[in-house]
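This report covers a strand region and a set of aromatic contacts. Please keep the model open while reading.

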Amino acid sequence: MSALEDREQVFLRRIDREKRARQQAEQILNEKSKELWNTNQKLQQINEQLDQMVKIRTSELEIAKTNAELESLAHKNAKERFQLAMRATSAGVWERNIDEDAWYFSERLIALFGYSREELLFGFKNLSFIHNEDKKPLLHVLKNHFRNGKAFDFECRVLTSEGRYKWFWIVGQAVWNDRGEVVRIAGSFSDIDERVENSKLVEKMAHYDHLTMVPNRVLYNQELDIALSLADNEQSHLAVILIDLNDFKQVNDTLGHCAGDHLLQHIANQFKLSIAESDIVARLGGDEFSIVLTNIANRQAVVTKCEQLLEIISRPFYYQKNLITPKISMGIALYPEFGMTRDELMVNADLAMYKAKGEKHMGSGFLFCEQEHINKNMERTELSSELCKAITQNEFFMHFQPIIDLSNGEVAFAEALIRWKHTNKGVLLPEKFISIAEDSGLITRLGKLSIELVAKQIDRMMAAKRLQKLTINISPSHFLSQSFMEDLKEILSVYPKMSSFITIEITEVVFLLNMEVAKKTVIELHDMGITISLDDFGTGYSSFKYLQQLPIDVIKLDCSFIAELDIDPSHRNIASTIIELAHSLEIKVIAEGVETNSQLVFLQDHHCDFAQGSYFFKPLSVIDFLHMQRCISLPAK
């Protein structure tokens, strides 16, 4: 190989080496460029993140700045609102800074109390303006507050600069430091005087009778329980007196309800003026009052007080030119002899009052509860529980008392009188159970049973004795009930001839209780051909207007007049007048309760139509009635 060729080979190898070196350099450059690009990318991401963080932080700073400005504004507004509230609120605010020994009193507090700041400071430090009765309870409330930390409130009386105590509501709260020391205490006073006074008024209205302004039944019960507790502790005696006005309804009906109200007020005032401060007077409702005499020495002391009350109450007084003479009935139960509890004393006093009221024809009066009253009430309660069963089992039967025609001595009528054949007590008369039936609501059932018992005997008795009528007594409550006519028509549907042979006997009470219903029923009975008899005429509210306005066929002259004919001229005058007036209205008269020959002669002399009583016959059983003589001999005129 020539030297030229060698040089060419060397040149080519050099070029090849440079080419490979260039390729390696380009490869290295490419790799470095990629690394640099990656690094730039990372730097760019970092920069973006930093920019975002800067933005977020800047935003947070802006928000913080805004919040700080708002908080500053809110604090300023709150302070202004607090100051405004202090001026506007009805409560007076106070504060004590213990660390600085400084006091703050709002303008409202100063206005409420009427004191200067110096006077308020003295009053707060010494509680000198707090009512003496309220100081100890207030200190107790504060002591509990410092112990438990809960906000305190208290109602008390504060002496204002006007010189009178007013009710305030105190609310307060203390503040403690980290060492548990009280560093500040603040609170407010709210004027609640009007609310407290209104509350007292409402309470009084709830416990006092609005008409007479004496305690009502609610307060009476509370005061009587307290009096009984004191009497038990002191081993003393007291008397419970129940009082009922006699003829109060008559005052209302004749003079009006305003007169009745005035009478109640008059009675209450007299009672209040007549009793001791420790005694109790109350209106229990309607025309019923009660007086409790405490610390009584003996029974005679109660008698003396009751006589004094009767004398004072019975004094006549005028109401709009009308003279009113009050009359009362009083029942007395002594503690502890006739009751250890309120209920026992009230029940026993009521028993005595009921008995006293039964004698109201004698005017005002009082009775003590006695053991016999309690025994009778126990018997009455026992009979009341047995009466329903007795009606269901038909333990009743009829006796018949003949009524004599005074023109010829013949038995013209017979009055049907119900009897109860009691399992243990034997035969009971109506006065033992009729009032019980009325009180228990059983009177309509018993009344219907009475009519049925008469209906079953009527054909037999009429045929045997040729009677004109059988009389059936109907109580006022039964007569005025809706069921009366329904019961009667139901029985007449079974015994259709009965309407011609019965007389329905009622008392004047039916007209007093419900004139409209009574009048309607009397007219309906008359249209059915049933005779109407008015019993007990001459007693109570007897009035001839009933005889003039209604189809009354017969009146019965009350036995109380007949019993006094021999000894009381006024009764003879009344009896003769009633007979004469009744005849002028073409109404027959039956005299009941005839017991003596002289009574019979008087009735004959004054042309009384009929008579009944023990002088002729006592009530007879059906058998005895059927076997009696139909005609008796009368004294010759």
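## His-422 and its strand

In this predicted model, His-422 touches Leu-383, Glu-386 and Leu-428, leaving aside residues up to four places away in sequence. His-422 belongs to strand S14, residues 411-422. His-422 is buried, because its relative accessible area is 6% and the cut-off for buried is under 20%.

## Strand pairing around S16

S14 pairs with S16 in the parallel sense, over four bridges. Glu-415 stands opposite Thr-471 of S16. On to the next pairing: S16 and strand S17 (residues 502-507) also run parallel, joined by four bridges. Here Ile-472 has Ile-504 in S17 as its bridge partner.

Strand S16 spans residues 469-473. Four of its five residues are buried, so the rest of the structure largely encloses S16.

## Aromatic pairs

The model holds 21 aromatic pairs. Phe-124 and Phe-129 form one of them, edge-to-face, at 5.5 Å centre to centre with 75° between the planes. Both Phe-124 and Phe-129 are buried.

Phe-168 and Phe-189 also pair; their ring centres are 6.2 Å apart and their planes lie at 70°, so the pair is edge-to-face. Phe-168 sits in strand S4 (residues 165-176) and Phe-189 in strand S5 (residues 182-191), so the pair ties together parts 21 residues apart in sequence. Phe-168 is buried at 0% relative accessibility. Phe-189 is buried too, at 3% relative accessible area.

## Cluster and charge

One aromatic cluster includes Phe-124, Phe-129, Phe-168 and Phe-189. Among its other members are Trp-94, Trp-103 and Tyr-115.

Arg-299 lies over the face of Phe-368, 4.0 Å from the ring centre.

Methods:
Residues are numbered from 1 along each chain as its sequence is written. This is a predicted model: local features need pLDDT of at least 70, side-chain atom pairs count only at pLDDT 80 or more; totals for chains, interfaces and linings use all residues. Side-chain values use heavy atoms; hydrogens and water are left out. Helices (H or I, at least four residues) and strands (E, at least two) are DSSP runs, numbered from the N terminus. Buried means under 20% relative accessible area, exposed over 50%, partly exposed in between (1.4 Å probe, protein chains only). Contact means heavy atoms within 4.5 Å. Two strands pair if DSSP finds at least two bridges between them. Rings of Phe, Tyr and Trp (its six-membered ring) pair if their centres lie within 6.5 Å; planes under 30 degrees apart count as stacked, over 60 as edge-to-face and the rest as tilted. A charge sits over a ring if NZ of Lys or CZ of Arg is within 6 Å of the ring centre and within 35 degrees of the ring normal.
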